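Here are my notes on this model. Please read them beside the coordinates.

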Amino acid sequence: MKKYAVSEAKPGMKLGEDINASQGATLVPKGTILTQRIIYYLMDWGIDSILVIEESESATKYREEKQLDFKKKYLDTTQKVMEYMEGLKGSKAMKVEEVKEIAEELIMYASDIDSVKLITDMKNKDHYTYQHSMNVGIYASLLGRWLGYTKEALKNISMAGLLHDIGKMRIPDEIISKPGPLTNKEFEIVKNHSVFGYELLKHNEVSVEVAIAVLQHHERENGTGYPFKLTGTKIHPYSKIVTVADIFDAITSNRVYQPRKSPFTAVKELKEGSFNDLDPKVASTFFHRIADFFIGSTVIFNDGTFGEIVFLNKHEPTKPLVKLGNHFVDLSKDKNKEIIDVLVF
Ligand SMILES: [Fe+2]
Ligand SMILES: [Fe+2]
């Protein structure tokens with residue numbers, strides 16, 4: 001074990017001790033692989049030095065490179081998505097080959113759980129539109145795989161996720177990036193984006209299923225969606241997948257007028273929505289599988305304390321059993337305690 005000043009800590013290093021809050025709760029557990037975000041938090045908390053498990057330099061380096069490699073790839077993809085989306089603003093032509101390539105990259109991200117966890121560290125408000133498109137593509141691929149779709153189908157599901165909001169490129173910028181809630185009239189204009197997206201895609205060589213999924217991604221099971229108030233079986237299965245991925249990413253991202261909420265809040269909102277608005281099988285597959293990621297992670301509660309998730313309650317995935325210092329709390333019984341953010345996955 002070796003002591004490091006926090007300012008000298010590097011992503012990829014393995015923590016050799018629990019970092020505890022003054023009340024005794026574990027903030028970051030021993031064995032955690034440091035990311036840049038965790039290092040910032042440690043500095044923020046005024047922690048000067050930490051113990052790091054000594055291992056061959058190559059092991060730390062390998063992990064650091066893996067994290068950096070992911071971030072670089074993710075930013076490169078964001079750049080590509082930005083270029084092609086912006087390129088669509090004045091023209092009708094779409095470089096379909098380019099889009100297919102990006103959609104396949106997103107399936108690759110979805111095949112590595114560690115990458116999916118790192119997405120949380122990469123969210124950037126300025127790139128919301130592009131990163132949202134990418135993330136919905138990634139989550140939709142992940143969900144499609146969990147639901148058992150074939151590789152060929154996943155390509156279209158990923159593409160539908162990537163392109164779901166493409167029609168927004170036809171909506172005036174002042175409305176899309178308005179730093180406040182929209183008026184009813186503005187909202188009516190935004191609602192056109194699903195039809196605009198469909199029109200854009202149907203003139204290009206994109207599978208008709210992708211175009212339909214884009215057209216229907218704001219339809220809801222109980223007929224309360226738009227543009228056509230379709231219900232249940234009239235909605236394409238790919239669209240139902242994109243809808244769940246879309247809601248999850250929107251809730252967990254910083255948007256122009258709303259700060260991000262924790263993945264737990266998102267799962268909770270999806271769960272509540274799944275009774276009427278969302279396809280129950282699609283939504284429940286997503287929230288059960290995504291909640292599994294959180295075992296072992298450090299979470300922040302509404303009263304400012306921290307804890308570690310040790311066991312998930314299958315019926316209430318947002319109310320796990322957590323470890324706070326030396327004792328355990330069952331959140332399904334303690335109604336006052338709520339998870340507001342996930343610090344360390
Ligand atoms: Fe949308
Ligand atoms: Fe969206």
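1. Burial first. A residue counts as buried if 20 or more other C-beta atoms lie within 10 Å of its own. The model is predicted, so that count rests on predicted coordinates. In helix α10 (residues 208-216), the buried residues are Val210, Ala211, Ala213, Val214, Leu215 and Gln216. They pack against α6, α9 (193-202) and α11 (237-251).

2. The core. The largest nonpolar core holds 70 residues. Ala160, Val214, Val244 and Leu270 have the most contacts inside it. Helix α5 (residues 128-146) supplies the largest share of this core, with eight residues. Val214 is also one of the buried residues of α10.

3. Leu270. Which residues does Leu270 contact, leaving aside its neighbours within four places in sequence? They are Val244, Ile247, Phe248, Leu278, Ala283, Phe286 and Phe287. Val244 is, with Leu270, among the residues with the most contacts inside the core.

4. The α12/α13 pair. Two packed helices are described by the angle between their axes and the distance between the axes. Here the axes of α12 (residues 263-273) and α13 (residues 280-292) come within 10 Å and cross at roughly 160°. Angles over 145 degrees count as roughly antiparallel, so α12 is roughly antiparallel to α13. The crossing is left-handed.

5. Their contact. From α12 come Pro263, Val267, Leu270 and Lys271. From α13 come Ala283, Phe286, Phe287, Ile290 and Ala291. By class, this contact of α12 with α13 has eight nonpolar residues, no polar ones and one charged residue.

6. Gly167. This glycine sits in the loop between α6 (151-163) and α7 (173-176). Is Gly167 buried or exposed? It is buried, because 24 other C-beta atoms lie within 10 Å. Not counting residues up to four places away in sequence, Gly167 touches Asn192, His193, Ser194, Val195, Phe196, Gly197 and Leu200. Gly167 and His132 are 35 residues apart in sequence, and their C-alpha atoms are 14 Å apart in space.

7. The loop between α10 and α11. Most residues other than glycine have a negative phi, and most peptide bonds are trans. Two places in this loop deserve a look. Pro227 lies here, and the peptide bond from Tyr226 to Pro227 is cis, with omega near 5°. Lys229 is found in this loop too. Its phi is near 50°, a positive value in a residue other than glycine. Lys229 is exposed, because 12 other C-beta atoms lie within 10 Å and the limit for exposed is 12 or fewer.

Technical notes: Residues are numbered from 1 along each chain as its sequence is written. Chains are lettered from A and ligands numbered from 1 in the order in which they are written. This is a predicted model: local features need pLDDT of at least 70, side-chain atom pairs count only at pLDDT 80 or more; totals for chains, interfaces and linings use all residues. A nonpolar core is a set of buried Ala, Val, Leu, Ile, Met, Phe, Trp, Tyr and Cys residues joined through C-beta atoms within 7 Å. Helices (H or I, at least four residues) and strands (E, at least two) are DSSP runs, numbered from the N terminus. Two residues are in contact if their C-beta atoms, placed from the backbone, lie within 7 Å. Axes are lines fitted to C-alpha atoms, for helices over the stretch in contact, and angles run from 0 to 180 degrees between N-to-C directions. Angles under 35 degrees count as roughly parallel, over 145 as roughly antiparallel, 65 to 115 as roughly perpendicular and the rest as oblique. A crossing is left-handed if the near helix is turned anticlockwise from the far one by less than a right angle, and right-handed if clockwise. Ala, Val, Leu, Ile, Met, Phe, Trp, Tyr, Cys and Pro count as nonpolar, Asp, Glu, Lys and Arg as charged, and the others, Gly among them, as polar.
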